[in-house]
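Let's take a friendly tour of a protein fold, one piece at a time. Have a look at the structure below, then read on.

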Amino acid sequence: MSAILESDDDGDLTTVLSGAELIQPPKLPGNYSARTQKRWSSSSRRDSAGSSTDMDGVHAYLSPNHIFPAQLYSTESGRLFHAGKVLICLVGLPARGKTRLSVSLTRYLRWLGVKTHPFHVSDYRRKVYTNFEEDVPEDYFSAAPSSAEGIKVRQKVLNKCLHDIASFFEKDRGQVAIYDALNITKKDRSDIHDLFSSKNIKVLFIESIVDDDMLIHKNVSNAAASPDYEGWDPKLAKADYLKRINANAPIYEQMNTDGTEAHLRYIKFINFGERLVTNNSQYGYLINRIVFFLMNSRVKTGCVYFARCGKSDLDKYVDDEVLNDEGLAFSETLAKTLLDTIAERKKQRLLESPSTTPANSSSDTLNNLSKHGFRQPPTADGSADDSFVVWTATRKRTSATANPFRKRGITVRERYQLNQLNPGIIADMDEEQIKTEFAEEFSQDLKDPYHHRYPRAESYHDLAVRMEPLLLEMERMSGDILIIAHESSLRVLYGYLMACSCYEIPSLQFPRNEIVEISYTPYENHSRRITIEGFDQ
């Protein structure tokens, strides 16, 4: 008797039984056979033209059979966790972090294997109306335009976006769509709920409420740097964006204040994770994972830095060696280079926008920037905007590379999840030895270097699953993080932050003489490389 999983939708699970057939053993052990079929194919590479691993792939188009880095299994329907199709509808005034939230949620859900796509109404408007000053009526940016032209233009843009969301579910085998728009009136929310519920699509509203003036100010500053205001004077851009907020504030109807929306599923996301309120909370596994992610989500002001550890004499995995003299010198130069870089970045930020000094930064931070002044966590790492924490793997030379930071009083945490990919039976072998002694395994590794696992070893996929707790911790932290680890671990973490596919991760390069900086913006992350002078790769 055999069982074939036809679908993973909620309430739509079909099992095809055939008693006359015997279960056939897999041609290769594990799930390798499945990975080489249609659903586990090289179509999982990025599909947007001109893509690069130096660019954030969070908005890349995904093929119907795309496989994600930490995906545990696949189904014929393309949907996981028996959750069916879900529309996440964001609600809130401008400058409430909706775009940032939609992007971070997309990044996390895709990593887990859930085919997710963000639909930003602002992108649709920019495609149709390039110059919003001349092409778009002034009242377009109100959720309730007063002019006939404003109503017409707004409805045209919204209809195109909603049409593409429906197509994503029906034609692209999508599972979660995130609708990034105002949705601040009861009528708008009711219309969306009725439209997609009739298509057997669950609708979850996430209302972003911000009453913290400093958070609003940060979000306005970020919005003023959007493509709408390219080439604008920053002060004029902020003033124009504030007009959009003021146009919508009088018509904003918070969710369920009078009990008329009690039948809707919603989450009130207050001050970006300070507090959450849920309604109709019988969601199931997938949406509970989303709630858990929201509990760990914060506005990021710092950056994530990646660095390799210093050298040892023989560079052997089995021996767990200590740093040699060159490695010790490297660790000192790494610390100085990075601390100077962070101090310069903070000074530049202050010069560009002196009014955005973090409210929860320590009082002497700005005076001590040139002295590498950082607030160290009294309780949770990264809770302050000006905090700085170093994470290392537990192996000797990796941990020792962080000693110059320890000497400066900076918090260093050893995290076992950062230990390098376990090479198993091929540990410390060179390529020629592997080809000779494990020819078949070597051939399979060339075909699928991400999922292949040598005997008694780990795959990159194993590493991605192991690291999930660190991803949530990074999402929670506001300040700067330096991660010192082996190249295999850095590849996986970089792959998460830059939305790389599982076919790109194994080939990512991290030369020893470079620090990689990942900075956050609401729409996408940015990567740059900083040279550590005096050392080769």
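## The whole protein

Two residues are in contact when they have heavy atoms within 4.5 Å. In this protein, residues 24 or more positions apart account for 69% of the contacts with a separation of 6 or more. The model you are looking at is predicted, so local features need pLDDT of at least 70 and side-chain atom pairs count only at pLDDT 80 or more, while totals for chains, interfaces and linings use all residues. Residues are numbered from 1 along each chain as its sequence is written, and side-chain values use heavy atoms, leaving out hydrogens and water.

The secondary structure comes to 17 helices and 14 strands. Both kinds of element are DSSP runs numbered from the N terminus: helices are H or I with at least four residues, and strands are E with at least two.

Look next for 6 strands that form an open sheet with mixed pairing, in the order 11-10-12-9-13-14. Two strands pair if DSSP finds at least two bridges between them. Strand 11 (411-414) and strand 14 (525-531) are the edge strands, each pairing on one side only. From one strand to the next, the twist averages 20 degrees. Angles here run from 0 to 180 degrees between N-to-C directions, and axes are lines fitted to C-alpha atoms, for helices over the stretch in contact.

Strand 9 (residues 303-307) and strand 13 (residues 514-520) are antiparallel partners, with 4 bridges. Val-304 has Ile-518 in strand 13 as its bridge partner.

## Helices around the sheet

Helix 16 (residues 468-476) packs on the sheet and touches strand 9, strand 10 (388-392) and strand 12 (480-484); its direction makes about 170 degrees with that of strand 10. Helix 17 (residues 487-497) lies across strands 9, 12, 13 and 14, at about 155 degrees to strand 9.

Helix 2 (residues 98-112) packs with helix 17 at an angle of about 130 degrees, their axes 9 Å apart. That makes helix 2 oblique to helix 17 (under 35 degrees counts as roughly parallel, over 145 as roughly antiparallel, 65 to 115 as roughly perpendicular and the rest as oblique). The axes of helix 2 and helix 16 come within 12 Å and cross at roughly 180 degrees, which makes this pair roughly antiparallel. Ser-104, Tyr-108, Trp-111 and Leu-112 of helix 2 make that contact with Glu-468, Leu-471, Leu-472 and Glu-475 of helix 16.

## Two buried spots

Is Asn-296 buried or exposed? Asn-296 sits in the loop between helix 9 (285-295) and strand 9, and it is buried, with a relative accessible area of 14%. Leaving aside neighbours within four places in sequence, Asn-296 is in contact with Leu-472, Glu-475 and Arg-476.

Strand 4 (residues 116-120) is largely enclosed by the rest of the structure, because 5 of its 5 residues are buried. In a regular strand the side chains alternate between the two faces of the sheet. On one side of strand 4 are Thr-116, Pro-118 and His-120, and on the other His-117 and Phe-119, all buried. Strand 4 runs parallel to strand 5 (residues 176-180), joined by 5 bridges, and Pro-118 has Ile-178 in strand 5 as its bridge partner.

Notes:
Buried means under 20% relative accessible area, exposed over 50%, partly exposed in between (1.4 Å probe, protein chains only).
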